[in-house]
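Please open the model in your viewer and keep the sequence panel beside it. The tour starts from a single side chain and then widens to the whole chain.

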Amino acid sequence: MPKRSIQRLLGEWRKQRTTTNAWLTIPNGFVAEMASRAGFDSICVDMQHGLIDFTQALSMLQATLAKDVPTFVRAPWNEPSILMRLLDAGADGVIVPMVDNAEQAEVAVSACRYPPRGKRSSGPMRAALVAEEPYFPDADANCLVFVMIESTAALENLEPILDTPGLSGVYIGPADLSLSMGFPPETDCTRPEHQAAIKRVIDECHKRSLFVGLHTAGPPFARLAAGWGVDLVTIATDSSSLKMELARRVAEYAKLAG
């Protein structure tokens with residue numbers, strides 16, 4: 001079993017406790033190390049919209065190991081070779097963007113599960129190196145596969161997507177979902193139809209014992225979403241948090257200086 005056992009997160013979710021997640025877009029191991037020591041329940045390294053390549057993602061996975069924080073990677077796309085490589089590098093799970101139908105969900109899951117369930121090739125390089133016990137027997141059980149629900153097409157195909165064997169859950173991308181619904185890209189969206197869509201995803205997932213993650217802009221909306229039953233809430237992104245804090249300090253000094 002890997003040192004950073006995903007079982008700790010699963011245990012919290014099964015007790016219906018919402019966990020907190022940090023979202024990393026800055027390609028730097030030190031940033032990942034700081035995030036891992038800040039108290040988040042998990043971390044996600046973003047290779048889709050973050051400025052992070054594979055080598056940088058690897059160093060970030062290494063940086064979070066010491067504090068035993070489960071670390072996911074959002075893949076740049078639903079492409080089997082990169083999904084397999086991220087798991088071989090030691091990611092505790094993957095988040096796969098822009099999944100609109102069951103066929104695409106099956107591609108993602110198959111790349112992350114060993115035969116006979118899937119088509120993942122054997123070669124777990126760093127994943128086996130950092131495992132506390134033999135890697136293969138528990139590899140599938142300790143790997144989470146989340147597909148992103150972030151379009152009206154995904155909502156139309158929601159049930160078939162969620163019925164994909166081997167799927168762990170979904171991660172809702174609210175901004176792209178908002179765009180797909182004809183609105184501006186809003187993260188903490190207050191539109192009734194948008195929130196109704198999120199609640200439907202939550203309900204359908206929980207009917208199937210699947211888990212739900214949601215991207216938020218901060219703790220207030222995350223707390224609201226936790227009340228809806230979301231299992232994992234992203235409450236901070238490194239780049240936006242740094243940007244806001246730097247601007248706050250400049251404004252604070254200007255006020256004090258008169």
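In this tour, two residues are in contact, or touch, when they have heavy atoms within 4.5 Å. Please keep in mind throughout that this is a predicted model.

Select residues 232–237 to begin, which brings up strand 8, and then pick out Thr237, which belongs to that strand. Is Thr237 buried or exposed? Its relative accessibility is 12%, and because buried means under 20%, Thr237 counts as buried. Next, display the side chains of Trp23, Thr25 and His215, which are the residues that Thr237 touches once those up to four places away in sequence are set aside.

Now return to the whole chain in a cartoon view, where 12 helices and 8 strands can be traced. The radius of gyration is 18 Å, close to the 18 Å that the globule rule gives for 258 residues, so the chain is as compact as a globular protein of that length.

Finally, show the surface, whose accessible area comes to about 11,800 Å², with 58% of it belonging to carbon and sulfur atoms, while 51% of the 258 residues count as buried. Colouring by charge brings out 25 positive and 30 negative side chains, and the centres of these two sets lie 5 Å apart.

Key
Residues are numbered from 1 along each chain as its sequence is written. This is a predicted model: local features need pLDDT of at least 70, side-chain atom pairs count only at pLDDT 80 or more; totals for chains, interfaces and linings use all residues. Side-chain values use heavy atoms; hydrogens and water are left out. Helices (H or I, at least four residues) and strands (E, at least two) are DSSP runs, numbered from the N terminus. The radius of gyration is taken over C-alpha atoms; the globule rule is 2.2 Å times the number of residues to the power 0.38. Buried means under 20% relative accessible area, exposed over 50%, partly exposed in between (1.4 Å probe, protein chains only). Accessible areas come from the Shrake-Rupley method with a 1.4 Å probe; for residues, only the protein chains shown count as cover. Lys and Arg count as positive and Asp and Glu as negative; His and the chain ends are not counted. The place of a charge is taken as NZ of Lys, CZ of Arg, CG of Asp or CD of Glu.
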